[in-house]
Amino acid sequence: MKVSPHVRAVQVPDDNPMHPQFTNIYLVGDGQSLAIDSGEAIERYRWMLRGYLAATERTEIAIAAITHHHSDHSGNLKWAREVFGAEVAIPGNARPLLKGRLPSRGVARLADGQVLDMGGGARAQVLVTPGHSVDSVCYYLEDDGVLFTGDTLLGSTTTTVNDLGAYRRTLARLLQLPNLKVICPGHGPLVNDPRERLQSYIDHRNMRERQILGALAGAGALTSWEIMLKLYPDIDRRLRFAADGNVRSHLKQLEEEGRIKAHPGTPRHPSAAKQRREVEHAKVRERIISQARKLEAEQRRAGLRAQENPPAGQWKEPPRFELT
Ligand SMILES: [Zn+2]
């Protein structure tokens, strides 16, 4: 799908409750392209990307960049290096977070303000925008007015936030971008009213903060989970941990600002007996899994043998044939 003169979107259907609709991979530039995010390390993403490149473009990926380290954005970096010989470009502080997902060569680290010039007027500027994760970056094509936000701003839902203070500064910065026309999010549809959406995110965070302060008013000391249940009584159970994380990030910021006080919790230390049991269980699980693998391999070999040599064991007395 064409987004602007220099940008195409490859939208891959997704069934994760955190990512309704689809996950997006973007291609920037003609000729050799810049890929922004490359999806999870599963066939579907590679297939879509390769299919798209083969069917509608005569380009390959020259640079595979990511918006942050989360595995649904960075799963195919090694693959992009192997298949296209792409240079891999990552946020400056992402390397330790990307263990096992980086190729051994050809990895460049991006800094704030750096420009990836893909030729023909396609110039993507790197903006360091922490908040959703410590290493989140956005890419901005000012001439096209296209901003790539990864999970910093999503197409149809609000995002999870790791550091709320940083996140609010990020939103304020993005709101200042000149010529902003469209936001290309990591998940969900394009955002065609970017300023309104950024402002609504800012308003949303302010509203959540008021709700949290409201939940605490006259309620004594509550846990983040109790507050989350008050704020989101009907939330999908699978999303509760994410919602609790959002509440906690607000609580952390409120505490830093001295607007609430925290009573330290007591971490759970499992008893020695329980730890021993867990080790034992893990061993048993591993044994079962390895047995299952062996059986599976045997079955596969037996299947192959059977199709090469049809079984003879079905006859007690096989049919006989003679001349008429
Ligand atoms: Zn993410």
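**View A. The two assigned domains of the chain.** Domain bounds here come from an automatic or database domain assignment, which for the protein chain gives domain 1 (2–192) and domain 2 (208–256). The model is a predicted one, in which local features require pLDDT of at least 70 and side-chain atom pairs count only at pLDDT 80 or more, whereas totals for chains, interfaces and linings use all residues. Residues are numbered from 1 along each chain as its sequence is written, and side-chain values use heavy atoms, with hydrogens and water left out. Taken over C-alpha atoms, the centres of domain 1 and domain 2 are separated by 30 Å. Where the domains meet, 10 residues of domain 1 are in contact with 10 residues of domain 2, contact meaning heavy atoms within 4.5 Å.

View B. The zinc ion has as its protein donors His68 (NE2), His70 (ND1), His132 (NE2) and Asp151 (OD), which lie 2.1 to 2.2 Å from it. Donors are N, O and S atoms within 2.8 Å of the metal (3.2 Å for Na, K and Ca), and since water is not among the atoms, sites may look incomplete. The arrangement is irregular because the four donor atoms subtend angles of 93 to 165 degrees around the zinc ion. Under the convention used, four donors count as tetrahedral if all angles lie between 85 and 135 degrees, four count as square planar and six as octahedral if opposite donors are over 155 degrees apart and all others between 65 and 115, and anything else is irregular. Along the sequence, the donor residues follow the spacing H-x1-H-x61-H-x18-D. His68, in the loop between β5 (61–65) and α2 (71–74), and Asp151, in the loop between β11 (146–150) and α4 (164–175), are 83 residues apart, a pair that links distant parts of the chain. His68 and Asp151 are both buried, that is, under 20% relative accessible area, where exposed means over 50% and partly exposed lies in between (1.4 Å probe, protein chains only).

View C. Helices (H or I, at least four residues) and strands (E, at least two) are DSSP runs numbered from the N terminus, and two strands pair if DSSP finds at least two bridges between them. In β3 (residues 22–28), seven of the seven residues are buried: Phe22, Asn24, Tyr26 and Val28 point to one side of the strand, while Thr23, Ile25 and Leu27 point the other way. Strand β2 (residues 7–13) runs antiparallel to β3 and is joined to β3 by seven bridges, with Ala9 having Tyr26 as its bridge partner. Three bridges, also in the antiparallel sense, pair β3 with strand β4 (residues 33–36), and here Tyr26 is partnered by Ile36. The hairpin of β3 and β4 has four residues between the strands, and Gly29 in this hairpin adopts a positive phi near 100 degrees.

View D. Strands β4 and β5 run parallel and are joined by four bridges, in which Ile36 is the partner of Ala65. Four of the five residues of β5 are buried. Strand β6 is joined to β5 in the parallel sense by three bridges, and Ala64 stands opposite Val88 there. Ala89, which belongs to β6 (residues 87–91), is buried, with a relative accessible area of 2%. Residues up to four places away in sequence aside, Ala89 touches Ile63, Ala64, Ala65, Ile66, Ala108, Leu110 and Tyr139.

View E. In α3 (residues 77–84), the buried residues are Leu77, Trp79, Ala80 and Phe84. Seen down the axis of α3, these residues fall within an arc of 155 degrees, so they line one face of the helix; the arc is that of the directions from the helix axis to the C-beta atoms. They pack against α1 (43–56), β5, α2 and β6, and α3 is followed by Gly85, with a positive phi near 65 degrees. In α6 (residues 224–231), Ser224, Ile227, Met228 and Leu231 are buried. Their arc, seen down the axis of α6, is within 100 degrees, so they too line one face of their helix. The packing partners of the buried residues of α6 are α5 (194–216) and α7 (240–256).

**View F. Ala292 in helix α8.** Ala292 is found in α8 (residues 272–308) and counts as partly exposed because its relative accessibility is 40%. From C-alpha to C-alpha, Ala292 and His281 are 16 Å apart in space, with a separation of 11 residues in sequence.
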